[in-house]
Amino acid sequence: FPVTIGHGIKIVQEGNGDVFALIANFGNNTISIYNFGNSINNSPTLVTQLSVPNSNGLIDLDIIRDCDKWYAVACMYYLADLVLIDLGNTLSAPNPVYSTFNNGLVYPYGMKLIYDGGFFYSFCSNSAGTINIHRLGSQLSNPTIASVTSLSIGGGTLSGIDFYKKNSKWY
């Protein structure tokens, strides 16, 4: 498998039932996309390996669906940027379009995307013990990136982040 110092991995399922894994490769700044077919128990096949332009230390990503398209947001350990990647309608044949936004991130480690209240948000944990929150807009096809806040958690490096929504509450 062409995984080079893989750091972030996200697993999603397309409408046809196929299960995909996307892996952020720190060592060569690429994203590997694997297809497991209709079960995570199957042996995966490599769909493609995407080179993320102008990246340095690709550390994590998350993926979300908007208007029948897949979008990923990635962060780099050595850059203060978010990279929004339009992957197209299917992960079995991605046609990536990259947009880079400088957002003052400090050695990010973890990335999470959510949709809430009509807007997409990215949450990025980092080595400074903070979580940077950005509002990405109401449609990822026409993003309007704005920094919302930085939450200081303290205690050193935050190596990941995740959320769970039950009814209308986020945990």
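A residue counts as exposed when its relative accessible area is over 50%, as buried when that area is under 20%, and as partly exposed in between. With a relative accessible area of 70%, N54 is therefore exposed. The model discussed here is predicted.

**Backbone at two loop residues**

N54 belongs to the loop between β4 (45-51) and β5 (58-66). Although N54 is not a glycine, its phi is positive, at about 55°. C67 also has a positive phi, near 50°, and is a residue other than glycine. The place of C67 is the loop between β5 and β6 (69-76). C67 has 55% relative accessibility and so counts as exposed.

**Cysteines**

How many disulfides does the structure hold? The number is zero. A disulfide requires two cysteine sulfur atoms within 2.5 Å. For C75, the nearest cysteine sulfur is that of C124, 3.9 Å away, and C75 is in no disulfide. C75 is buried, with a relative accessible area of 0%.

**Aromatic pairs**

Eight aromatic pairs turn up in a search of the whole structure. One of them joins F123 and F163: the ring centres are 4.6 Å apart and the planes stand at 55°, so this pair is tilted. F123 is part of strand β10 (residues 119-126), while F163 sits in the loop between β12 (146-152) and β13 (165-166); the pair therefore ties together parts that are 40 residues apart in sequence. F123 is buried at 11% relative accessibility, whereas F163 is partly exposed at 25%.

F163 also pairs with W170, with ring centres 6.2 Å apart and planes at 90°, so this second contact is edge-to-face. W170 counts as partly exposed, at 30% relative accessibility. Elsewhere, ring pairs link F26, Y77, Y78, Y107 and Y109 into a cluster.

R135 lies in strand β11 and is partly exposed, with a relative accessible area of 31%. R135 is placed over the face of F119, at 5.5 Å from the ring centre. Leaving out residues up to four places away in sequence, R135 touches F119, F120, Y121, T144, I145, A146 and V148.

At 8% relative accessibility, N132 is buried. Which side chains make polar contacts with the side chain of N132? One is that of N126, at 2.8 Å. Another is that of S150, also at 2.8 Å. Beyond its neighbours within four places in sequence, N132 is in contact with L105, S122, F123, C124, N126, T149 and S150. This list contains F123 of the tilted ring pair and C124, whose sulfur is the nearest cysteine sulfur to that of C75.

The table gathers the relative accessible area of several residues discussed so far.

| Residue | Relative accessible area | Class |
|---|---|---|
| C75 | 0% | buried |
| N132 | 8% | buried |
| F123 | 11% | buried |
| F163 | 25% | partly exposed |
| W170 | 30% | partly exposed |
| R135 | 31% | partly exposed |
| C67 | 55% | exposed |
| N54 | 70% | exposed |

In soluble globular proteins, nonpolar side chains tend to be buried together. The largest nonpolar core in this model has 19 residues, and those with the most contacts inside it are V12, L22, I31, L58, I63, L87 and L91. Two or more residues of this core come from each of β2 (19-25), β3 (30-35), β5, β6 and β7 (81-88). Which of these elements gives the largest share of the core? That element is β6, with four residues.

Not counting residues up to four places away in sequence, L22 touches G8, I9, K10, V12, I31, S32, I33, L61, I63, L87 and L91. Among these partners, V12, I31, I63, L87 and L91 are also listed with the most contacts inside the core.

Key:
Residues are numbered from 1 along each chain as its sequence is written. This is a predicted model: local features need pLDDT of at least 70, side-chain atom pairs count only at pLDDT 80 or more; totals for chains, interfaces and linings use all residues. Side-chain values use heavy atoms; hydrogens and water are left out. Rings of Phe, Tyr and Trp (its six-membered ring) pair if their centres lie within 6.5 Å; planes under 30 degrees apart count as stacked, over 60 as edge-to-face and the rest as tilted. Buried means under 20% relative accessible area, exposed over 50%, partly exposed in between (1.4 Å probe, protein chains only). A charge sits over a ring if NZ of Lys or CZ of Arg is within 6 Å of the ring centre and within 35 degrees of the ring normal. A polar contact is a pair of N or O atoms within 3.5 Å; within protein, one must be able to donate a hydrogen and the other to accept it, and residues adjacent in sequence count only if both atoms are side-chain atoms. Contact means heavy atoms within 4.5 Å. A nonpolar core is a set of buried Ala, Val, Leu, Ile, Met, Phe, Trp, Tyr and Cys residues joined through side-chain atoms within 4.5 Å.
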